[in-house]
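Subject: The structure for you to look at

Hi,

Here is the structure I promised to pass on.

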Amino acid sequence: MTTVDSPPSVNVAEQKTITPVTRSRAPRRRRMSGWHFVLAPIALLFLLPFIQMFMASVSPAKELVSYPPPFIPSRIDFTGFIALFQNTDIMLWLLNSTIVSVTAIASHLVFCSLAGYGFARLTFRGRNFGIFAILGTIMIPTQLLMIPTYVLFSRLGLVDGLGAAIVPWLATAFGVFLMRQFFMSLPRELEEAGRIDGATRWQIFIRIILPLAKPALATLAIFTLLGSWNDLVWPLIAINNDNAFTLQLGIANFQGTRRTQWSLLMAANVVATMPLILFFLFAQKQFIQTMTMTGLRG
Amino acid sequence: MTTRSLQKPPIRSHGVQRAQRSRRRVGDNLSGWLFVAPASVLILGLSFFPAVWSFILSLQDWNGFSEPEYVGVDNYSALLTDEDFAAAVMHTGVYTALFVPMSVLAGLFLAVALNRKIRFIGLYRTAIFVPFVASAAATGILSTYLFNPQFGLVNNVLRVLGLPAQGWLEDQTQAMFVIALMSLWGQAAFTTVIYLAALQDVSGELLEASRLDGANPWQSFWNVVWPSLRPVTIFVTIWQTIGAIQLFDLVYTTTRGGPLDATKTIVYYLWEQAFRRLDFGYGSAVAYALFALTLVITIGVVLYSRRRGQDAF
């Protein structure tokens, strides 16, 4: 199975240098790799829950609880979506989640890039201690912090609004770490040039360094988007007010209240996952970069 | 910290120079602190302070309203004899034992499978990676639907194959397996991406050499690729284990600890104690026990791998 495509690039390159006739490449490429028989079913299996989700969201409610269930709905029926938008507060939750994620991303981009740059390139008293302390917090599991943070936030009155969901996402140790790693990889000559021209640290940072940091900022934004949009446990603990429910919290509660309304549940699922799925399809490279970076923080 | 002052040649008299240098140092300190302060205050304020407070809470009996009462190590000693906690540790262990090997092996296999230039490879990658963006709430609803005993797709497939229907999430012995499987669905992308990145670092020359020596792809994999993936494997194992023993979300969105507490994990138990029963002291003790467990596992794996001569970090 594997012999068919053992490093084809090498062979192609060799052939090219020896015989400039490129025709011999064509039949090689056409031959189908045995890996398709492995990968295609797996890919389908991974997509299946999503396919079911989309199908069920536009199925007539009766068909979803019939036996045996039809895999493809007999007709397209939007009652699930209509019920979702008419009978639940999903629009409010969507708005709340958007506010939380947008605030989290904006503040991450500002605070983490500032701190990342400071820790990477500026010299000041206490710098090494600061780096050490912030990296140290990565070792602390969030579960250890939940109870006191909840008590603190409820005393500050944050638990009655969105504030409780937003504050922990304003800046994270991982964000600072990510930006610091990136800034350390930039050549120092860039700043030297700016300093010779008489630019201040701030000007160097804004005009020279930050424009170069776009890839790292994209990674940071995606990390923050994924984390803040999908967060469930913290909003579950910290949000005490129905009007401040996030989307995840809202649909998680459906499990208790609308257990059997499958078309509505699936419609809610579509609404909750579609934004991120679309983002993923458009920015797959950056998502994969983010996943790799998340793994490298250890 | 002194490197910059060395770069400037001394041209002025000592006194002026020292004054300038100290002024510059004050300026350096100030601008440095201004850059790092907002994020540092937020991060350190929301971690070290609560971590210490949590430890103090674990030595108290407190429901959040009444006067906290100092009870010493009572919460910890109660934990040792708490059968529900022991059960939660067991359930977490079962999940970890199911999920970690599955996710590491799946990641390794998928990375090797995806690490080639064939047609549709982009499509395959997308299909396998896209579940990564599904939230626990969404995955929970999908799980209860797909594994529904009456009309779920999975039992329907079993029926077509002539196999008996299963209870899945409503069956004590199967619920944790379903949760592990759905976690894998969402997180296989992560281990796959890590292994894919590691595969790019495998020496092409060594692979070519082994091929020229007549090794078949299987032999090349075990003798060339696998040894160079060892450090990544240790890292991924630790990472996934830490994640696994903190399982909460998917339990909350599928079984809520049931059926008959069969999926009640440590963090679920913590959440129940602290935020359902408002026993903040006991909840904090559970949190510290979890922290200790995490540390022990991490240190254990690192020491074990050191002894085998493989550095993970």
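This is a predicted model: local features need pLDDT of at least 70, side-chain atom pairs count only at pLDDT 80 or more; totals for chains, interfaces and linings use all residues.

What does turn up between chain A and chain B is eleven residue pairs in polar contact, counting pairs with both residues at pLDDT 80 or more. On the chain A side, helix 3 (residues 35-57) gives the largest share of what touches chain B, with 15 residues. Sorted by class, that side of chain A has 65 nonpolar, 24 polar and seven charged residues.

How big is this interface? The size of an interface is often given as the accessible area lost when the parts come together. Here, the area buried between chain A and chain B is about 8900 Å², and carbon and sulfur atoms give 76% of that. Phe46(A), Leu144(A) and Ile147(A) supply 8% of the area chain A buries against chain B, which is more than any other three residues do. In residues, the contact takes 96 from chain A and 93 from chain B.

Leaving aside neighbours within four places in sequence, Ser31(B) is in contact with Leu122(A) and Arg201(A). Its relative accessibility is 18%, so Ser31(B) counts as buried, the cut-off being under 20%.

Now a look at chain A by itself. Its secondary structure comes to 17 helices and zero strands. Of the 298 residues in chain A, 53% are buried. Take the contacts in chain A between residues at least 6 apart in sequence: 71% of them join residues at least 24 apart.

The N-terminal end of helix 5 of chain B is capped by Asp82(B), with a side-chain oxygen 2.8 Å from the backbone nitrogen of Asp84(B).

Next, find Val251(B), in helix 12 (residues 249-254) of chain B. Is Val251(B) buried or exposed? Its relative accessible area is 0%, so Val251(B) is buried. Beyond its neighbours within four places in sequence, Val251(B) has contacts including Ile179(B), Thr263(B) and Tyr268(B). Thr263(B) is twelve residues away along the chain, yet the C-alpha atoms of Val251(B) and Thr263(B) are separated by 6.8 Å.

Most residues other than glycine have a negative phi, and most peptide bonds are trans. Here are the exceptions I'd point you to:

- Gly258(B) and Pro259(B) are joined by a cis peptide bond, with omega about -15 degrees. Pro259(B) lies in the loop between helix 12 and helix 13 (266-276) of chain B.
- Trp168(B) is not a glycine, but its phi is positive, about 50 degrees. Trp168(B) sits in the loop between helix 8 (153-160) and helix 9 (175-200) of chain B, and at 12% relative accessibility it counts as buried.
- Leu278(B) also has a positive phi, near 55 degrees. Leu278(B) is in the loop between helix 13 and helix 14 (280-307) of chain B, and at 29% relative accessibility it counts as partly exposed.

Happy browsing!

Notes: Residues are numbered from 1 along each chain as its sequence is written. Chains are lettered from A and ligands numbered from 1 in the order in which they are written. Side-chain values use heavy atoms; hydrogens and water are left out. Helices (H or I, at least four residues) and strands (E, at least two) are DSSP runs, numbered from the N terminus. Buried means under 20% relative accessible area, exposed over 50%, partly exposed in between (1.4 Å probe, protein chains only). Contact means heavy atoms within 4.5 Å. Buried area is the accessible area (1.4 Å probe) that two parts lose on being put together, summed over both. A polar contact is a pair of N or O atoms within 3.5 Å; within protein, one must be able to donate a hydrogen and the other to accept it, and residues adjacent in sequence count only if both atoms are side-chain atoms. Ala, Val, Leu, Ile, Met, Phe, Trp, Tyr, Cys and Pro count as nonpolar, Asp, Glu, Lys and Arg as charged, and the others, Gly among them, as polar.
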